[in-house]
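The following exercises are to be worked through with the sequence and the structure at hand. Each task is followed by a solution in steps.

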Amino acid sequence: MMREARHHFDVLVIGGGPAGMAAAARAAECGVRVGIVDDNFSLGGQIWRGDSDDNQKHDKQSDAQRGEAARWADRVRTSGVTALCELRVVHQPETGVLLAENLDGFCELRYANLILATGARERFLPFPGWTLPNVMGAGGLQTMVKCGLPIRGKRVIVAGTGPLLLAVAAYLRRHGAEIAVICEQASWGSLAKFGVALLNWPAKILQALHLKREIAGVPFATNSWPVAAHGKKALESVTISLAGRVETIPCDYLGCGFHLVPNVELALLLSCGVRNGFVQVDDFQKTTVSSVFCAGELTSIGGVELALIEGQIAGLAAAERTSEAKALFGDRQNARRFAQLLDRTFRLRSKLRSLPSPETIVCRCEDVSYSRLRGYTSWRAAKLHTRCGMGTCQGRVCGPATQFLFEWTPDSVRPPVLPARIETLAAIAGPSEMLQSQGTGEY
Ligand SMILES: Cc1cc2nc3c(=O)[nH]c(=O)nc-3n(C[C@H](O)[C@H](O)[C@H](O)COP(=O)(O)OP(=O)(O)OC[C@H]3O[C@@H](n4cnc5c(N)ncnc54)[C@H](O)[C@@H]3O)c2cc1C
């Protein structure tokens, strides 16, 4: 696509999930020049990212989802948004400029207003055996199946916490998996309160009933979580604490995720204020940094509906259509209440802190065990002494885990925010000069 190209936008959106797509479409419909960047091969984010053709044939349920995704994709296209896929933003060399790369090279993205919509990832908690092949994040397993992993006839345990577990179990079952059990760490009591509170969101009740139908007959255990995964070369069985009783269940895959954590690294690099792990925004989704807006799971974990509303508000505000943005404040308030409900219902119980044994690997990039970390009092000290969080994922997996296990707060984020090529790293020293010396033009 490019070698050392340069793009200039009035509004630049980073992240092509529902929040980013809504932001880009609404801004472009106001007549400004908009670009949207995503590191995947197509827009859609975690929820709308395309299934393989073969999977789509089997996937009747996703018709409704596909309808909404297609409508926003259409708006992005017809409003004239420039979509730059398979491009990851790694650094901000100077205010108003981001550096992004793909396999062909790097490029400079200049903007007047920026909207961050980089979404969330699953939270993993370490327990003995969690690094065995075929133990994956619940959403990660779903993504692998979407990309073609054959799951028909495989026995799967889905465990952890949050509504994603049900969505994943339903998806895998539709594609032929046998779901041995769904283990939810939350108690029956909190789920019952959740069910009653859902009366305030009739559309969510319909979704929940639909999911319930899809997983009818699948054992669903509350107060339950994986204690250990076993296998010689790959996963063979999982020991589960099932409401106080311990049982070992044979299976081919364990999909295990403990709700979601926001991808705040780029926002932190840009010095945006973060509170309780989420990017702070005002009524118009503006961060504490002027010209930088933020939308979607970065501000709270509230699902696709909240992501779409926040994206629209950010897009309209970035295009200076504040009165149109204001019209969506009521809807956002309602959707935010649902995010708060999710947070209360699926809060992790402290018992999960005792899951790792001394030998359990916590930082899998750098092979750092639980016993090596236990003696430190901060994330920084543990990093300096053990290299925890300094591997390829740059703390994206072990950071949230140690935050829960030891109550450490991750501190500074350094560029590049994602692993980058040497050529791009060289450009971080002086991209403008490099671009000029290469004689590349402006788009
Ligand atoms: C693994 C996973 C699976 C999920 N599955 C479901 C499901 O089945 N059903 C459901 O209802 N909800 C699901 N969710 C929740 C759902 O993703 C959210 O509710 C909603 O999509 C959030 O939208 P968003 O736009 O905020 O973020 P996302 O959809 O996460 O989009 C963010 C996008 O930004 C991109 N990005 C991040 N950083 C960079 C960068 N530096 N450069 C370029 N691009 C970048 C990401 O790759 C991603 O495509 C899932 C979440 C996860 C993490």
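**Exercise 1: The ligand and its shell**

An oxygen atom of the ligand is 3.3 Å from a polar backbone atom of valine 304. The model is a predicted one, in which local features need pLDDT of at least 70, side-chain atom pairs count only at pLDDT 80 or more, and totals for chains, interfaces and linings use all residues. Residues are numbered from 1 along each chain as its sequence is written, and side-chain values use heavy atoms, with hydrogens and water left out.

Task. Describe the polar contacts of the ligand, its cover and the residues around it.

Solution. 

Step 1. A polar contact is a pair of N or O atoms within 3.5 Å; within protein, one must be able to donate a hydrogen and the other to accept it, and residues adjacent in sequence count only if both atoms are side-chain atoms. For aspartate 39, a polar side-chain atom is 2.5 Å from an oxygen atom of the ligand.

Step 2. On its own the ligand has 990 Å² of accessible area, and the protein covers 89% of this (Shrake-Rupley method with a 1.4 Å probe; for residues, only the protein chains shown count as cover).

Step 3. Around the ligand there are 30 residues, of which Ala19, Asp38, Asp39, Arg49 and Val89 come nearest (a residue is near if one of its heavy atoms lies within 4 Å). By class, this shell holds twelve nonpolar, twelve polar and six charged residues (Ala, Val, Leu, Ile, Met, Phe, Trp, Tyr, Cys and Pro count as nonpolar, Asp, Glu, Lys and Arg as charged, and the others, Gly among them, as polar).

Step 4. Elements that each supply at least two shell residues include α1 (18–29), β4 (88–94) and α10 (303–318) (helices, H or I, of at least four residues and strands, E, of at least two are DSSP runs, numbered from the N terminus).

**Exercise 2: A buried serine**

Task. Where does serine 79 lie, and is serine 79 buried or exposed?

Solution. 

Step 1. Serine 79 is in the loop between α4 (63–78) and β3 (82–84).

Step 2. Its relative accessible area is 18%, so serine 79 is buried (buried means under 20%, exposed over 50%, partly exposed in between, with a 1.4 Å probe and protein chains only).

Step 3. A polar atom of the serine 79 side chain lies 2.6 Å from the backbone oxygen of arginine 75. The backbone oxygen of valine 76 is 3.1 Å from a polar side-chain atom of serine 79.

**Exercise 3: Backbone geometry in loops**

Task. Which residues does a cis peptide bond join, and what is the phi of asparagine 223 and of glutamate 407?

Solution. 

Step 1. Most residues other than glycine have a negative phi, and most peptide bonds are trans.

Step 2. The cis bond joins proline 415 and proline 416, with omega about -5°. Proline 416 belongs to the loop between α15 (398–406) and α16 (422–428).

Step 3. Glutamate 407 also has its place in the loop between α15 and α16, and its phi is positive, about 60°. With a relative accessible area of 57%, glutamate 407 is exposed.

Step 4. Asparagine 223 has a positive phi near 50° and lies in the loop between β11 (220–221) and β12 (224–230). Asparagine 223 counts as partly exposed because its relative accessibility is 24%.
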